[in-house]
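Colleague: Thanks for sitting down with me. Could you show me the model and let me ask how you know what you say about it?

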Amino acid sequence: MPSSPRPAIAIVGAGPRGVSLLERLGANLPADAQLDVHLVDDTQVGAGRIWRTDQPRELCMNTLADAVTLFTDDAASIAGPVRPGPTLYEWCQLARDAALHDAAEIVARIPAAHVAAFRRVSVRAGLVDDYRGELRDQRPESHPSRSLYGEYIAWCLAHARTALPSGVVVHEHVGRVRSTRRVAEREVLDLGDTEIVADAVVAATGWLARAVTAEERRILGAVGGHPDLVWVRPDSPADQTLDAVPDRATVIVRGLGMGFFDAMALLTVERGGAFVADPAAPAGLRYVPSGREPVLHVTSRRGVPFRAKTQYGSLPPRAPMHHLRGVDWTVVPRPIDFDARVWPLILRDAFADYHVTLARVKPGSVELDAALAAIRSAPLAADGAATRARIDALADAVVPFVADPADRLDLAGAIFPGEGETWPSPAAFDAWVARFVADDLAEGARGADSALKAALWSIASARGMVSRIGAFGGFDAESRASGFRTLMTVGGMVGSGPPAFRSRQLLALMAAGLVRFIGPAGAVDIADGAFHASSPPVAGSGVSATVLVDAWMHAHDLSQTADPLVRSLAAAGRVRPFAAPSRLEGDVDTGGFDVEPATGRIVHADGEVDAAFHVAGIPLDETMHDAIISPMPRTDPTMLRETDRVARSLIAAVDAARTRSAS
């Protein structure tokens, strides 16, 4: 077994979170530190699998360019030092100006500390030439290509390395950790062709592979028995086998979130088609096919695509959330009944933001003071009553103060589109979806002047604050399964949807007959050598195809993981699922890891906290919440608070190991 007298830390996963952990190690280590740091990634060190730099440029981020950073700022509530640096947008424009000298006005507005950080490390040679068009067209509210974000992460890694104490040596490994074991109070990571010995480890692995489900075994059995069947399994779009979809095939697609829009792009423009401006076409775009495109028949639980991002012409505004922020949640006893205590405040905020915006853009349309008073005082059942009942109560409370029925907020219809409706034919449902998408684009184009989007943005924005309130068992298991889950799914649909240009492309593809909608809750069966899908609310919606694309990613479930490293920890009894407190007897296991909140160290099956092994990031989403969202500047983001405290714990674990070995 290879060993070293020098202390060592291993970071498994070298995407954005792994790079941030290295940066936080450098910020928190003493200047005289003597340490080896091993960075391990199975795809690309300094980008990771999701953001690797060789993926198609057509795949873009769902986050805005100036709303992405891997650097801390003075809004961060961290114990370690703040070390500022450029946002993704600032970095792009600084790189552009350094090479082309054509962005001086933009650079002049970038904080001096960010410029200074940029100038410490050169960008990759050829970067600006490779991304010249994207850099020149970029605005703060642009959606960068995922590969460009990968380039930023790689530069952040180079920057973090230069900021380390001189006695710290970084070793990069491209490979997958197969297992880990404790030997002589050190961690031994097996990569197959080599082993890494470390005093402290953090798994920052991002999305973990999940074991095959019962339904997937059924699909695999059918595919194995019928060579003509093609199944594209759930995964990141860049890793899905979409090349296996035959040209001009009929395809059933499950999922209408960002995975769908990515698959839509890869199966159309990446196959040679093109969108061209056409004022007479839906949303001003017309699709010119290459002839290779499949026809996509799409379904999801709701049956409609996520709503497009609002076009503010800038970064999104900060949602007021006066009711939700009006409570000192630090003194509210845990666990909190989300349905009784939190949901009513979120709904009141949505109604308040709608009417404040309506009064501003349409003076005289609402008696604002009276409406806000009614929103504050409207009785809302505190016994876990259905969301729709509470929405109806708020809607009824403000009716006397909004004269024109057309100006009244139908929040239930906005967040549960099509619920309870039926359609006489697939054509009728397609037309209804097209109107839904077109109306949503029209509202989004109004930006800050859309009262409806203000209400929806309030709900979407509540997810961040609510996640902090509910972290590590802040909400009971019953409300996690009801109101909290509803907030996260609704918030995703109304606030984490595609860029507006993707929705315009969708309308063009619908007009070209290349995307059709099956309807809500389309169940997929397999019979007679084909996949079959239909939607109960849509008469005649049945579709048969030889191709099924699952355009989504599995949620994490510790008990169902296929990741070999995690399985080795489980086999040794070193991990257990986080259990949410219940109002009933006992607690309820979740799919997330149980970790010590202050450090990220894993908790063993017997309740003991591990001495050296940590977990950070996405596999903690069911435990910590808000573990998926990229860090946004000046928001005290969850990820940077996490990487700082985990980095400090890694350092403490190394110090403790050295003390034990010396005694």
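Colleague: What percentage of the 663 residues of the protein count as buried?

Modeller: Happy to start there, and do keep in mind that this is a predicted model. A residue is called buried when its relative accessible area is under 20%, and 57% of the 663 residues count as buried.

Colleague: How many helices and strands are there in the protein, and what makes it as compact as a globular protein of that length?

Modeller: There are 22 helices and 21 strands. The radius of gyration is 26 Å, close to the 26 Å from the globule rule for 663 residues, so the protein is as compact as a globular protein of that length. Along the principal axes, the C-alpha trace spans about 75 × 65 × 60 Å.

Colleague: Which residues have the most contacts inside the largest nonpolar core?

Modeller: Those are Ile11, Leu22, Leu25, Trp91 and Tyr149, in a core of 55 residues. Helix α7, residues 146–162, gives the most to this core, with 8 residues.

Colleague: What does Leu25 touch, not counting residues up to four places away in sequence?

Modeller: A contact needs heavy atoms within 4.5 Å, and on that basis Leu25 touches Ile9, Ile11, Val37, Ala647, Leu650 and Ile651. There is also a second, separate core of 49 residues, which includes Met321, Val402, Ala414 and Val490.

Colleague: And what percentage of contacts between residues at least 6 apart in sequence join residues at least 24 apart?

Modeller: That comes to 75% in this protein.

Colleague: How far apart are the mean positions of the positive and negative charges?

Modeller: They are 2 Å apart, for 67 positive and 80 negative charges.

Note on methods:
Residues are numbered from 1 along each chain as its sequence is written. This is a predicted model: local features need pLDDT of at least 70, side-chain atom pairs count only at pLDDT 80 or more; totals for chains, interfaces and linings use all residues. Side-chain values use heavy atoms; hydrogens and water are left out. Helices (H or I, at least four residues) and strands (E, at least two) are DSSP runs, numbered from the N terminus. The radius of gyration is taken over C-alpha atoms; the globule rule is 2.2 Å times the number of residues to the power 0.38. Buried means under 20% relative accessible area, exposed over 50%, partly exposed in between (1.4 Å probe, protein chains only). Lys and Arg count as positive and Asp and Glu as negative; His and the chain ends are not counted. The place of a charge is taken as NZ of Lys, CZ of Arg, CG of Asp or CD of Glu. A nonpolar core is a set of buried Ala, Val, Leu, Ile, Met, Phe, Trp, Tyr and Cys residues joined through side-chain atoms within 4.5 Å.
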